[in-house]
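Subject: Structure handover

Hello,

Please find the structure below. My notes on it follow.

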Amino acid sequence: MADISRPARPVILGQNQYGKAENRVVKITRDGATHHIKDLNVSVALSGDMDEVHYSGSNANVLPTDTTKNTVYAFAKEHGIESAEQFGIHLARHFVTSQEPIHRARIRIEEYAWERIEASDANSRFSGADEVKHSFVRKGQETRLTQITYDGERWEVVSGLKDLVVMNSTNSEFWGYVKDKYTTLKEAYDRILATEVSGRWRFNWTDDEQRMPHWEKSYEQVKKHMLQAFAETYSLSLQQTLYQMGSRIINHRSEIDEVRFSLPNKHHFLVDLEPFGLKNDNEVYFAADRPYGLIEATVLRDGCEAKIPVDLTNL
């Protein structure tokens with residue numbers, strides 16, 4: 001029988017945050033007849049002295065989430081969008097420095113890329129313009145990501161990408177692995193290696209006294225080195241390729257100390273064509289969407305501490 005004379009243990013509030021998620025903002029910059037697009041999905045999360053709103057419902061310290069939404073759109077006009085990182089830094093600094101109860105701001109941004117449509121000479125004449133500079137097609141390679149966290153003193157910027165699908169049609173093997181009574185997979189000495197890259201990298205820029213990275217150039221260069229490493233690595237395992245991708249970034253980009261990848265192995269299995277009297281000489285494959293091997297790891301600059309969450313869904 002339970003001892004009902006003992007007082008109940010106190011219940012206390014743990015970590016908490018609030019804000020407006022997924023604010024879709026598209027900024028058009030008009031440079032004469034030439035237009036430029038920045039297309040972002042911005043999520044704001046604020047934390048600080050928010051105990052009372054949870055305990056009693058008092059909103060005395062609460063900046064409405066609708067106000068955070070309005071701030072995103074106003075800042076797109078007031079500050080422009082030089083880069084996703086720079087825009088997130090403006091927002092994080094504003095929320096922490098303008099509101100005393102707010103001690104920490106976390107800004108997460110997805111960026112969707114567009115490229116200009118090149119019009120034909122004939123269509124340009126029909127439209128009455130020498131060159132069309134305001135028409136775009138959405139790029140489909142990947143979604144760019146960044147997360148900016150600020151506590152009034154220190155910055156943490158973690159950028160990355162997701163949904164970047166890559167493939168090597170050769171120069172990949174998989175053999176010499178552990179075998180037991182449940183193993184049916186045949187060793188492969190020439191296989192397709194394909195994955196859908198989800199990656200994050202952490203910058204070593206942490207305070208305003210440091211020189212800020214060139215965010216746009218950094219992203220372009222990281223992606224370049226990542227893809228070159230994928231293409232140039234003769235792969236005996238996806239783990240080996242992952243490490244080479246991370247190492248190439250660390251070795252070429254001094255502003256980055258940590259890289260984490262989540263790489264699903266998008267399996268391609270040779271189709272058995274023998275029942276049809278045909279030989280399949282590494283030509284015809286079945287692309288399986290699931291189940292898939294999932295390879296994940298962090299690559300660090302020597303002497304640095306891992307800070308990117310192991311589960312990338314936390315970012």
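The largest nonpolar core in this predicted model has 52 residues. Those that touch the most other members are Val-42, Phe-87, Ile-107, Val-197, Trp-201, Met-226 and Phe-261. Helix H3, residues 84–98, supplies the largest share of this core, with 7 residues.

Met-226 can be followed in more detail. Leaving aside residues up to four places away in sequence, Met-226 touches Leu-161, Leu-164, Val-197, Trp-201, Met-245, Ile-249 and Phe-261.

The backbone has a few points to check before you set anything up. Most peptide bonds are trans, and most residues other than glycine have a negative phi. The bond from Arg-290 to Pro-291 is cis, with omega near -5 degrees. Pro-291 sits in the loop between strand E11 (285–287) and strand E12 (293–300).

Two asparagines have a positive phi:

- Asn-171 has phi near 60 degrees. Its place is the loop that runs between strand E7 (155–168) and strand E8 (193–203). Asn-171 is partly exposed, at a relative accessible area of 39%.
- Asn-282 has phi near 50 degrees. This residue lies in the loop between strand E10 (268–270) and E11. With a relative accessible area of 31%, Asn-282 is also partly exposed.

Regards

Definitions and conventions:
Residues numbered from 1 in each chain as written. Predicted model: local features only at pLDDT ≥ 70, side-chain atom pairs only at ≥ 80, totals over all residues. Heavy atoms only, no water. Core = buried A, V, L, I, M, F, W, Y, C linked by side-chain atoms within 4.5 Å. Buried < 20%, exposed > 50% of the residue type's maximum accessible area, 1.4 Å probe, protein only. Helix = DSSP H or I, 4+ residues; strand = E, 2+ residues; numbered from the N terminus. Contact = heavy atoms within 4.5 Å.
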